[in-house]
Amino acid sequence: DGRLMLAGILDEQMSKMMTAVAGGSAGLDLTKRFANPIELGLGRIVNWNHEFRGKAALAEYQANPKRTLKTLVWNPDDLAAIYRSQFTDNPVRQMDSWGLEGPVTGDFRQSSDLVVDKDGKEIGVSGGRSMSWYHKQMLSLGILDLEFAEEGTEVGIVWGEPGTNQFTVRATVAPVPYNTHLENRTFDTNTVPRRFSKADLVAG
């Protein structure tokens with residue numbers, strides 16, 4: 001039956017798409033990756049002057065938030081341990097420097113990884129992992145339960161898909177944006193070296 005064949009093809013394509021976007025210890029449950037504007041720190045730009053679906057729920061969440069966005073700084077010793085495991089009989093999934101695993105594994109998946117407390121309880125999700133060559137640190141963005149979002153708190157990031165050899169990487173909670181000393185809102189652009197002075201520009 002052509003319809004059954006088409007349904008099978010669509011199911012296979014959906015499965016491939018889910019696998020492509022659902023890498024990491026968060027597994028295939030895409031809802032673990034969902035976040036609202038308040039959690040992402042975008043509440044200040046929400047336009048409340050019109051009706052939209054979910055407005056009442058979002059307003060209630062803004063009054064009583066449960067999670068927030070933070071930077072997670074990955075422990076370098078644990079990253080080295082993951083790399084070192086590649087030379088054993090029980091390796092942990094390898095990672096590259098950028099967060100897209102394609103150059104290493106060939107699958108180009110963006111990992112979304114569970115964040116846990118010291119007892120292994122799930123307290124959030126981490127994504128967007130990448131190496132900062134400026135800071136010489138591995139960083140990611142984490143949406144965390146508020147009680148664990150204080151800067152300096154140590155949390156764990158579970159690396160590796162469910163059912164595989166996983167490794168919990170220690171990470172430290174840090175601010176968003178992480179690069180606070182070069183923040184555009186506070187940086188004095190007059191200190192940037194210029195080829196021409198303001199007087200030259202005015203003189204034309």
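Among contacts in the protein chain between residues at least 6 apart in sequence, what percentage join residues at least 24 apart?

1. Contacts along the chain. The model discussed here is a predicted one. For contacts between residues at least 6 apart in sequence, the share that joins residues at least 24 apart is 57%. Several of the pairs described below are given with their separation in sequence, and they may be read with that share in mind.

2. Overall composition. The protein chain contains 5 helices and 6 strands. Taken in sequence order, these elements give the pattern α-α-β-α-α-β-β-β-β-β-α. The chain has 204 residues, of which 34% count as buried. Its exposed surface comes to about 13200 Å², and 57% of that area is supplied by carbon and sulfur atoms.

3. A second aromatic pair, and a charge over a ring. Tyr83 and Phe87 also form an edge-to-face pair, with centres 5.5 Å apart and 75° between the planes. Phe87 is exposed, because its relative accessible area is 63%. Returning to Trp74, the charged end of Arg129 sits over its ring, at 5.9 Å from the ring centre.

4. Asp78. This residue is located in helix H3 (residues 76-85). Is Asp78 buried or exposed? Asp78 has a relative accessible area of 8%, so it is classed as buried. Setting aside residues up to four places away in sequence, Asp78 touches Phe167, Thr168, Val169 and Arg170.

5. A salt bridge between separate parts of the sequence. Side chains of opposite charge can pair when their charged atoms come close. The structure holds 7 salt bridges. In one of them, the side chains of Glu122 and Lys32 meet with an N to O distance of 3.2 Å. Because Glu122 lies in strand E3 (residues 122-132) and Lys32 in the loop between H1 and H2, this pair ties together parts that are 90 residues apart in sequence. Glu122 is partly exposed, with a relative accessible area of 38%, and Lys32 is also partly exposed, at 26% relative accessibility.

6. Two further salt bridges. Lys55 is bridged to Glu51, and their closest N and O atoms are 3.6 Å apart. Lys55 is buried, with a relative accessible area of 19%, whereas Glu51 is exposed, with a relative accessible area of 67%. The cut-off matters for Lys55: buried means under 20% relative accessible area, so the value of 19% places Lys55 in the buried class. Asp119 and Lys118 form another salt bridge, with the closest N and O atoms 3.6 Å apart. In this case Asp119 counts as exposed, at 62% relative accessibility, and Lys118 is exposed as well, with a relative accessible area of 78%.

7. A nonpolar surface patch. Which residues form a nonpolar patch on the surface? They are Leu40, Leu42 and Ile45, which together have about 250 Å² of accessible area. Leu40 is placed in the loop between helix H1 (2-21) and helix H2 (55-63). With a relative accessible area of 34%, Leu40 is partly exposed.

8. Tyr178. The loop between strand E6 (167-174) and helix H5 (198-203) contains Tyr178. Tyr178 counts as partly exposed, because its relative accessibility is 23%. With which residues is Tyr178 in contact, leaving aside its neighbours within four places in sequence? The contacts of Tyr178 are with Thr71, Val73, His135, Gln137 and Leu139. The C-alpha atoms of Tyr178 and Leu141 are separated by 9.8 Å, and these two residues are 37 apart along the chain.

Note on methods
Residues numbered from 1 in each chain as written. Predicted model: local features only at pLDDT ≥ 70, side-chain atom pairs only at ≥ 80, totals over all residues. Heavy atoms only, no water. Patch = residues over 30% accessible without salt bridge, like charges linked within 9 Å, V, L, I, M, F, W, Y side chains within 5 Å. Areas by Shrake-Rupley, 256 points an atom, 1.4 Å probe, with all protein chains shown as cover. Salt bridge = Lys/Arg side-chain N within 4 Å of Asp/Glu carboxyl O. Helix = DSSP H or I, 4+ residues; strand = E, 2+ residues; numbered from the N terminus. Buried < 20%, exposed > 50% of the residue type's maximum accessible area, 1.4 Å probe, protein only. Contact = heavy atoms within 4.5 Å. Phe/Tyr/Trp six-rings, centres within 6.5 Å; stacked < 30°, edge-to-face > 60°. Lys NZ or Arg CZ within 6 Å of the ring centre and 35° of its normal.
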